[in-house]
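Reader: Hi! I've got a new model open and would like to talk it through with you. Can you help me find my way around?

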Amino acid sequence: MSSVGTHRNTFTDSSGRVTVAVFEHIGDPPQHHWIEEEILVGDGDMIAIGGGGIASEHPGALLTASHPNNDLSGWVVSSKDHLEQDPHKLVTYVIGLKIAGMTRGELRDSIFVSVADSGVTPHPEAETGRPNDSFVMIGGGFRVDWHGAGNLATASFPATEFSWKARSQDHQESDPSNIRVFAMCLRRNLPVGQIAVSIQRSDSGQAPHPAAIANAANGFALTGGGAEVHTNGPGNFLWKLEPATNNSPTFAAASKDHRESSPATLTTYAIGIRL
């Protein structure tokens, strides 16, 4: 389904020419599985360059997708409960971008979305990045193509300043899957100036349900974020990827073990740009 998001906040960079806005939608009534739930930018002058979603912590519904739609008018999120019923409302987010002095069409033509697939495996991983050094990476996403019991996200994050990586895994029941990773790339040199990018990170302590919030750098407008789970146990899975919904340009993430103990640490990332 597609829904126009409700505006939550707006941020600008230090130049005042880069504007981003966060839009939110709450999927209701609760469902066991949300498949390709699409939230559209609520400003026709903006393009979608980031987003996220919140499923459920208790007993647990986990994220299986968070990625741009085909025409950059919105963001797509999927989630599912896993081997234990947890009908849940799915909260979806999209980050819209506009730059003063550029039309929506000009900005859309300055975006390149790079895509890569893992191939089918129980614990898929894929990485992709900018096409060349005339682009900067401003965010990313993923989609797990599961078909059986489920294959659940454990990472979607900037592996370097130039590339995005995503991982997932099946859990307790076999379900080999493909994961598709997306890197959102913007031309470095625009008609109105040159783009600079900042990637900030925040690390949680070790816990069964770790969480961390990363802040965008001062003067940078938030364009995306992600998270990576670190565990040596059977599995700890992302259930929250949340762009700023308060008055600060932050990105929050959280994960959880599920049905068996698997304490983990979590690294959350916030990406911002400025002219």
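Reader: Let's start with contacts. Of those between residues at least 6 apart in sequence, what share join residues at least 24 apart?
Author: That share is 75% in the protein chain. Keep in mind that this is a predicted model.

Reader: Noted. How many helices and strands are there?
Author: The protein chain has 1 helix and 22 strands.

Reader: And what are the overall dimensions of the C-alpha trace?
Author: Along its principal axes, the C-alpha trace spans about 50 × 35 × 30 Å. The radius of gyration is 17 Å, which agrees with the value near 19 Å that a compact globule of 275 residues would have.

Reader: How much of the chain is buried?
Author: Buried residues account for 57% of the 275 residues. As for the surface, the protein chain exposes about 10,300 Å², and carbon and sulfur atoms supply 44% of that.

Reader: What about charges? How many positive and negative side chains are there?
Author: There are 19 positive and 29 negative side chains, with the centres of the two sets 6 Å apart.

Reader: Which strands does it pair with?
Author: Strand 8, residues 88–99, is one partner: the two are antiparallel and share 7 bridges. Ile47 has Leu97 of strand 8 as its bridge partner. Strand 20, residues 236–243, also runs antiparallel to strand 5, with 2 bridges joining them. In that pairing, Gly53 is bridged to Leu241.

Reader: Now strand 11. Is it mostly covered or mostly open?
Author: Mostly covered: 9 of the 11 residues in strand 11, which runs over 135–145, are buried.

Reader: And how many bridges does it make with strand 14?
Author: Strand 11 and strand 14 (residues 178–187) share 10 bridges in the antiparallel sense. You can find Val136 opposite Leu186 of strand 14 there. Strand 11 also pairs with strand 6, residues 61–68, again antiparallel, over 2 bridges. For that one, look at Ser66, which stands opposite Phe142 in strand 11.

Reader: Good. While we're at strand 6, why does Thr64 count as buried?
Author: Thr64, which sits in strand 6, has a relative accessible area of 1%. Buried means under 20%, so Thr64 falls within that class.

Reader: What does Thr64 touch?
Author: Leaving aside residues up to four places away in sequence, Thr64 touches Ser78, Ser79, Lys80, Phe142, Arg143, Val144, Trp146, Asn151 and Leu152. Phe142 is also the residue that stands opposite Ser66.

Reader: Switching topic: where is Glu38?
Author: Glu38 is in strand 4, residues 33–40. With residues up to four places away in sequence set aside, its contacts are Met1, Ser2, Ser3, Asn69, Trp75 and Val76.

Reader: How far apart are Glu38 and Val76, in sequence and in space?
Author: They are 38 residues apart in sequence, yet their C-alpha atoms are 4.4 Å apart in space.

Reader: I also like to check the backbone. Which residues does a cis peptide bond join?
Author: One joins Asp28 and Pro29, with omega about 10°. Pro29 belongs to strand 3, residues 18–31. Another joins His58 and Pro59, where omega is about -10°. Pro59 is in the loop between strand 5 and strand 6.

Reader: And which residues other than glycine have a positive phi?
Author: Gln172 is one of them, with phi near 70°. Gln172 lies in the loop between strand 13 (163–170) and strand 14. Arg259 is also not a glycine, and has a positive phi of about 75°. Look for Arg259 in the loop between strand 21 (250–257) and strand 22 (265–274).

Reader: Last one: how accessible are those two?
Author: Gln172 counts as partly exposed, at 42% relative accessibility. Arg259 is partly exposed too, with a relative accessible area of 46%.

Technical notes:
Residues numbered from 1 in each chain as written. Predicted model: local features only at pLDDT ≥ 70, side-chain atom pairs only at ≥ 80, totals over all residues. Heavy atoms only, no water. Pairing = 2+ DSSP bridges. Helix = DSSP H or I, 4+ residues; strand = E, 2+ residues; numbered from the N terminus. Rg over C-alpha atoms; globule rule 2.2 N^0.38 Å. Buried < 20%, exposed > 50% of the residue type's maximum accessible area, 1.4 Å probe, protein only. Contact = heavy atoms within 4.5 Å. Areas by Shrake-Rupley, 256 points an atom, 1.4 Å probe, with all protein chains shown as cover. Lys, Arg positive; Asp, Glu negative; His and termini not counted. Charge placed at Lys NZ, Arg CZ, Asp CG, Glu CD.
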